[in-house]
Amino acid sequence: MWQFVHRNRQRVVIVGGNFAGLSAASKLSRRFDVTVIDPLQNFEWTPNIHEILSGVKSENGLLLSRSKILQRLGHQFLQDSVSNISIEDNLVHTQAGIQLPYDYCVVATGGERQTYGAAGAEENSFPFLAVHHIRAIKKRLSTLLDRQDKVNVAIVGGGVSGVEALGELLRHDPFHARLNLTLVEAGARILPSLPHQLDTDIRQYFKKYNVALSLGAAVTSLSTDEVELSNGSSVAADLTIWAAGVKPPELLVRSGLLKQGDNWAPTKQTLQSQYADNVFVIGDVGELPKPIRKQAYFAIEMGESAARNIQLLARSRPLKCFKPVNKPMLIAFGAIDTYLVVGNTVVAGKVLAAAKEGIFQLSMFRLGLPLGFIDTQFNTSLRFFTSVKRIFLPELLSLQKIKSLKGVRVLTSNP
Ligand SMILES: Cc1cc2nc3c(=O)[nH]c(=O)nc-3n(C[C@H](O)[C@H](O)[C@H](O)COP(=O)(O)OP(=O)(O)OC[C@H]3O[C@@H](n4cnc5c(N)ncnc54)[C@H](O)[C@@H]3O)c2cc1C
């Protein structure tokens with residue numbers, strides 16, 4: 001039974017304990033009474049969850065115990081779901097009926113699946129946002145493969161998640177030969193928010209691997225064996241993976257942190273909610289005056305910045321603006337190829353797959369690994385971090401050097 005221990009210090013309640021929430025917690029000292037609330041027991045390393053599909057990563061390799069991490073930081077973990085935040089009364093309410101008063105609240109719930117009103121999407125497709133979603137997809141796929149020779153799989157959403165999911169399903173020969181794969185994207189090209197050379201390049205593999213592509217028509221409805229599209233056509237699908245975007249949770253609306261006309265919960269540049277100065281909204285769920293990409297590295301930096309500002313606010317000092325700095329983006333297409341996007345420059349090459357691993361492990365390092373995350377399973381990873389940091393990353397971050405690496409193709413190097 002969880003008990004709230006009040007220690008006569010200023011109270012910080014953090015709603016959501018993944019990238020943004022844990023990053024904030026790791027930068028708040030024990031001078032504050034910090035409680036992190038999350039319904040899931042473990043921290044999840046989301047950017048690599050697609051690799052569970054092919055078995056390249058195990059579930060356990062991507063999970064870390066939240067209670068252990070927070071215990072080592074001297075903070076409390078409450079495994080529960082927040083049902084409301086009363087910003088007038090400074091109270092967080094949980095589904096289990098607990099009420100937690102706060103001096104400062106950090107909201108870091110991330111987004112949830114956006115189905116754009118497609119009928120039957122909730123019941124007949126699998127979300128692609130968390131480890132347990134991938135577990136469910138694998139289970140269903142394995143049942144279908146036991147039952148039939150060929151399985152029709154539709155992946156809805158041609159963004160990064162959809163492309164990465166497809167890459168994993170193509171990873172193993174002759175496994176993918178038993179799948180009829182279709183990628184469905186409502187826009188005119190895949191990876192619509194990234195340079196168009198990516199679309200052209202990835203598509204060259206579709207023919208080779210027998211992947212069908214449906215562009216320019218949105219999904220209107222789904223049944224157990226079919227996806228209906230807005231142009232009247234349909235795609236056979238025994239299994240549908242829904243990787244088509246995220247939306248803010250209802251909690252934000254209920255709590256008055258997101259109002260009519262807002263896309264996500266609007267914040268000031270200091271990460272304070274536009275609607276409550278002692279509430280910080282960070283990670284995917286917050287929207288800065290000039291919106292930024294929903295990426296793990298921004299979530300981590302926002303967490304650090306919010307924690308700094310809470311400490312300034314507690315001392316009645318002026319707050320600092322969050323200054324996002326764009327980082328390279330790595331998109332894996334299974335074992336077939338990996339793409340590095342730096343602004344408008346795109347390079348491709350299998351060698352970059354190791355970089356995707358390295359960059360994210362290092363980002364985790366910044367989240368406070370030395371303090372909170374080390375346990376036996378992590379000693380190996382730590383050695384890996386060190387070698388990646390010293391040997392590989394300096395090379396990786398020099399675009400000039402990457403371009404000259406054997407096997408790396410430059411798709412575009414526009415300024
Ligand atoms: C398949 C996939 C691949 C990705 N690849 C990359 C990549 O390569 N690079 C990159 O930078 N980013 C990538 N991302 C995006 C990245 O994962 C997100 O930007 C990042 O997870 C956002 O962090 P967050 O802390 O804001 O939210 P999340 O990581 O979504 O965490 C939110 C937490 O809040 C909890 N929560 C939700 N509701 C409640 C509630 N009511 N009460 C309490 N807790 C709650 C959830 O359980 C969760 O633990 C990828 C995402 C996906 C899905």
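**Exercise 1.** Is Asn210 buried or exposed?

*Solution.* Keep in mind that this is a predicted model.
- Step one: find the residue. Asn210 sits in the loop that runs between α7 (196-208) and β14 (212-215).
- Step two: count neighbours. Asn210 has 12 other C-beta atoms within 10 Å. The cut-off for exposed is 12 or fewer, so Asn210 is exposed.
- Step three: look at the backbone. Asn210 is not a glycine, yet its phi is positive, at about 60 degrees.

**Exercise 2.** Follow the chain into α4 and describe Glu123.

*Solution.* 
- Step one: Glu123 is part of helix α4.
- Step two: with 9 C-beta neighbours inside 10 Å, Glu123 counts as exposed.
- Glu123 and Thr224 are 101 residues apart in sequence, but their C-alpha atoms are separated by 8.6 Å.

**Exercise 3.** Find the cis peptide bond between Asp173 and Pro174, and say where Pro174 is.

*Solution.* 
- Step one: read off omega. For the bond joining Asp173 and Pro174, omega is about -5 degrees, and the peptide is cis.
- Pro174 is in the loop between α6 and β13 (179-185).

**Exercise 4.** Describe how α1 packs against α9.

*Solution.* 
- Step one: get the geometry. The two helices, α1 and α9, pack at about 35 degrees with their axes 7 Å apart, and the crossing of α1 and α9 is right-handed.
- Step two: list who meets whom. From α1 come Phe19, Ala20, Gly21, Ser23 and Ala24; in α9 they meet Ala296, Ala299, Ile300, Met302, Gly303, Glu304, Ala306 and Ala307.
- Step three: sort that contact by class. It splits into nine nonpolar residues, three polar and one charged.
- Step four: ask how enclosed α1 is. Eight of its eight residues are buried, so α1 is largely enclosed by the rest of the structure. Among the buried ones are Leu22, Ala25 and Ser26.

**Exercise 5.** Which residues come nearest the ligand, and why does the ligand shell lie between two domains?

*Solution.* 
- Step one: of the 33 residues around the ligand, Gly16, Asn18, Gly110, Gly283 and Gln295 come nearest.
- Step two: see which elements contribute. At least two shell residues each come from α1 (19-26), β2 (32-38), α6 (160-169) and α9 (296-314).
- Step three: classify the shell. It has 18 nonpolar, twelve polar and three charged residues.
- Step four: bring in the domains. Both domain 1 (10-111 + 248-314) and domain 2 (121-244) give residues to the shell around the ligand, so it lies between them.

**Exercise 6.** Zoom out: how many helices and strands are there, and what share of the chain is buried?

*Solution.* 
- Step one: the protein chain has 13 helices and 27 strands.
- Step two: buried residues make up 42% of its 415 residues.

Technical notes. Residues numbered from 1 in each chain as written. Predicted model: local features only at pLDDT ≥ 70, side-chain atom pairs only at ≥ 80, totals over all residues. Helix = DSSP H or I, 4+ residues; strand = E, 2+ residues; numbered from the N terminus. Buried ≥ 20, exposed ≤ 12 C-beta atoms within 10 Å, placed from the backbone. Near = placed C-beta within 6 Å. Nonpolar A, V, L, I, M, F, W, Y, C, P; charged D, E, K, R; others polar. Domains from an automatic or database assignment. Axes fitted to C-alpha atoms, helices over the stretch in contact; angles between N-to-C directions. Left-handed = near helix turned anticlockwise from the far one by under 90°. Contact = placed C-beta atoms within 7 Å.
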